[in-house]
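User: Could you walk me through how to read this model, feature by feature?

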Amino acid sequence: MKRNKKAIASLLGVLAIEGVIIFLLSCTWTRTIMSGESATAMTPSAALAQRDRNVSKPGIAPAKATAIPSYDKKEIKKIWKESKNTLVLVNVEKKLKTSYHSSLIPICQGRLQASEYLYESLVQMLADAREEGYQFFIASAYRSRTKQQRLIDDGVRNRMRHGATYDEAIKKTYEKIMPAGHSEHETGLALDILCSGNMNMNLSQKEEPGNQWLCKNCHKYGFILRYPESKEHVTNIAYEPWHFRYVGESAAKYMRENDMTLEEFWDNME
Ligand SMILES: [Zn+2]
């Protein structure tokens with residue numbers, strides 16, 4: 001990857017303008033599904049139990065009876081040692097430790113924050129994509145635990161205002177939002193990237209040539225598509241074509257070559 005300062009400078013300029021648009025749009029999206037006042041938070045164990053029920057419902061592909069692939073554990077351990085900071089695992093079962101330090105820096109002209117580990121790779125990836133004719137909006141990056149809980153509380157309260165019972169509201173909310181402490185947005189290493197011209201954070205993203213370019217090339221810059229369609233039974237998260245996660249270049253390349261998720265990478269470290 002060659003640095004192209006001119007391209008980076010112009011890209012950052014574009015992000016500044018686009019930042020305003022995406023802010024407005026993301027606010028609209030947020031209001032659509034999460035507006036309302038604060039509600040009593042569900043206990044974490046209840047949230048996880050609820051989430052488990054959600055992911056095991058019809059629509060999530062069941063585990064396939066395929067042969068267990070053999071991975072190069074020595075190589076995986078080597079990559080792990082080199083990239084511990086960016087390989088942190090956060091999911092439904094694994095809560096991010098409060099001691100985790102995110103090393104945040106502003107992106108998109110200060111509209112969002114993300115981990116400093118991904119910054120240069122992100123800028124380069126977006127610059128290269130732009131040269132190929134693709135532009136993106138970053139809808140979400142770092143999210144604090146407090147903010148995550150607020151989104152949950154707001155979602156619950158909003159649904160109750162529209163007639164749902166507390167249990168119904170909790171169930172629906174956790175179909176959309178991870179429990180506080182269990183969202184990898186809290187690491188600053190996850191980004192929700194939408195294609196220019198399509199601000200819908202839904203499966204329509206996968207039809208976009210820009211999204212297809214990202215999925216095909218992101219590993220060259222250290223990113224993975226975190227919740228792929230074919231691995232829902234491993235991640236326990238429905239396919240999200242917009243959610244990319246920085247893990248570092250060597251890890252991303254290894255995972256791509258071996259068709260691995262971060263969960264599978266971790267499983268093979270021990
Ligand atoms: Zn996301």
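**Reading the fold**

Analyst: The protein has 10 helices and 6 strands, where helices (H or I, at least four residues) and strands (E, at least two) are DSSP runs numbered from the N terminus. Keep in mind that this is a predicted model: local features need pLDDT of at least 70 and side-chain atom pairs count only at pLDDT 80 or more, while totals for chains, interfaces and linings use all residues. Residues are numbered from 1 along each chain as its sequence is written.

User: What share of the protein's residues counts as buried?

Analyst: Of its 270 residues, 39% do. Buried is taken as 20 or more other C-beta atoms within 10 Å of a residue's own, exposed as 12 or fewer, and partly exposed as in between, with C-beta atoms placed from the backbone. Pro179 shows how that works: it counts as buried because it has 24 C-beta neighbours inside 10 Å. Pro179 sits in the loop between α6 (166–176) and β4, and its C-alpha is 7.5 Å from that of Ile152, 27 residues away in sequence.

User: How do I read a helix, say α7, and which of its residues are buried?

Analyst: An α-helix has 3.6 residues a turn, so residues three or four places apart point the same way. In α7 (residues 209–217), the buried ones are Gly210, Asn211 and Leu214. Down the axis of α7 they fall within an arc of 100 degrees, so they line one face; the arc is that of the directions from the helix axis to the C-beta atoms. Pro209 and Lys216 are exposed on the face turned away from that side. The buried residues of α7 pack against α4 (119–131), β3 (136–140), β4 (190–195) and β6 (243–246), contact being C-beta atoms, placed from the backbone, within 7 Å.

User: And the nonpolar core: which residues touch the most other members?

Analyst: In soluble globular proteins, nonpolar side chains tend to be buried together. A core here is a set of buried Ala, Val, Leu, Ile, Met, Phe, Trp, Tyr and Cys residues joined through C-beta atoms within 7 Å. In the largest, with 47 residues, the answer is Ile138 and Ile224. Helix α4 gives the most to this core, 6 residues. A second, separate core of 9 residues includes Leu151, Ala169, Tyr174 and Met178.

User: How do β1 and β2 run, parallel or antiparallel?

Analyst: Strands pair if DSSP finds at least two bridges between them. Here 4 bridges join β1 (residues 104–107) to β2 (residues 112–115), and the two run antiparallel. Leu104 stands opposite Ser115 in β2. The hairpin they form has 4 residues between the strands, and Cys108 in the turn has a positive phi of about 50 degrees.

Definitions and conventions
Two residues are in contact if their C-beta atoms, placed from the backbone, lie within 7 Å.
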